[in-house]
Amino acid sequence: MVKKIAVLTSGGDAPGMNAAIRAVVRAGRSFNLEVIGIHEGYKGLVEAGENYEVMTRRSVTNIIARGGTILGSARLPEFSQHEVRVKGVEQLKEAGIDALIVIGGDGTYAGALRLHELGIKCIGLPGTIDNDIAGTDYTIGFDTCVNTVVEAIDKLRDTCGSHRRCAVVEVMGRYCGDIARAAGLATGAEFIVTNSENNDLQTILDQTKHFKEAGKRHPVIIVTEHLFDVIDLARKIEEYSGMETRATILGHIQRGGTPSCSDRILASRLGLAAVESLMQGVSGVCLGIQSNEIVATPFEDVIGKSKTIYSEFDELIKILS
Ligand code: ADP
């Protein structure tokens, strides 16, 4: 029977991770479980000591509205080595921890799967702004991130409209274009470039020339990261189309900020469900939301798999832009 659980956040941080930690701690305490918060992800798990903090209901007071993660998130590439993970398992056992909830992305799930195979009960929760986790329609942090991007693009539209400029906006979402697509749909962006769509330079240049000829005064082009040097891309668009063009890289601003209502609710539901699952003896799965129902999927079926919810809106985006 599970008596003592731990929770950690790992990989890139995302708004709503704190709401998930709060839900795990409060649900755990409500069921009379001891709850340990592990600081600094798998690095803290292996190093133990002060990284293991006893959590009470009051430890998570007033964090539901805070971005980032109070437990911190570190990367430990060495966690892919068997002996490092065995050391981690020994530390957990020494601390009397029966089960672990990890909040993070694909890499975090890979680490949790290995711990599960070494006999530690593990549940994963999807915490990443990119929405690139299979097994769930939405990840914790995605909604907040899209709202941040939408606010930024609305502001850019104002100034680009005044100066009749084209705006190139780089957003996150290296492996999944959902941030670009959702923000594009919500701001009426003229063109969206993702890892799977429209990412050929000549296509972009021809499109911008077409915008200019069609009399568009301030088109917005959203581009996901790692595809182009967007400063250089803006220069090329300006040369080719004759439209004055400016690039803006939104960068890490997209990771921060007060979590949206949707992210807080998603995180709270998933946090409670994770604790309940561990108490029922479930392990080796990640939880997600599909058609507003909480579902559990084995880590093996999720890790390395891609998904996009918003690609089905590609046609809608094209028609409306
Ligand atoms: P994310 O969880 O957001 O995808 P990372 O890919 O950085 O972020 O992974 C977070 C952490 O998970 C890594 O620093 C590492 O400690 C652990 N991890 C990643 N991949 C593996 C793997 N294949 N095996 C074991 N642990 C891993």
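Helix α4 (residues 106-117) gives five residues to the shell around the ligand, the largest share. Helices (H or I, at least four residues) and strands (E, at least two) are DSSP runs, numbered from the N terminus. This is a predicted model, in which local features need pLDDT of at least 70 and side-chain atom pairs pLDDT 80 or more, while totals for chains, interfaces and linings use all residues. Residues are numbered from 1 along each chain as its sequence is written, and side-chain values use heavy atoms, without hydrogens and water.

The shell has 14 residues, and those that come nearest to the ligand are Arg-75, Leu-76, Gly-105, Gly-107 and Thr-108. By class, four shell residues are nonpolar, eight are polar and two are charged. Here Asp, Glu, Lys and Arg count as charged, Ala, Val, Leu, Ile, Met, Phe, Trp, Tyr, Cys and Pro as nonpolar, and the others, Gly among them, as polar.

| Residue, polar backbone atom | Distance to a ligand oxygen atom |
|---|---|
| Gly-12 | 3.5 Å |
| Leu-76 | 2.7 Å |

The protein as a whole has 10 helices and 11 strands. Along its principal axes, the C-alpha trace of the protein spans about 70 × 35 × 35 Å.

How values were computed: A residue is near a molecule or strand if one of its heavy atoms lies within 4 Å of it. A polar contact is a pair of N or O atoms within 3.5 Å; within protein, one must be able to donate a hydrogen and the other to accept it, and residues adjacent in sequence count only if both atoms are side-chain atoms.
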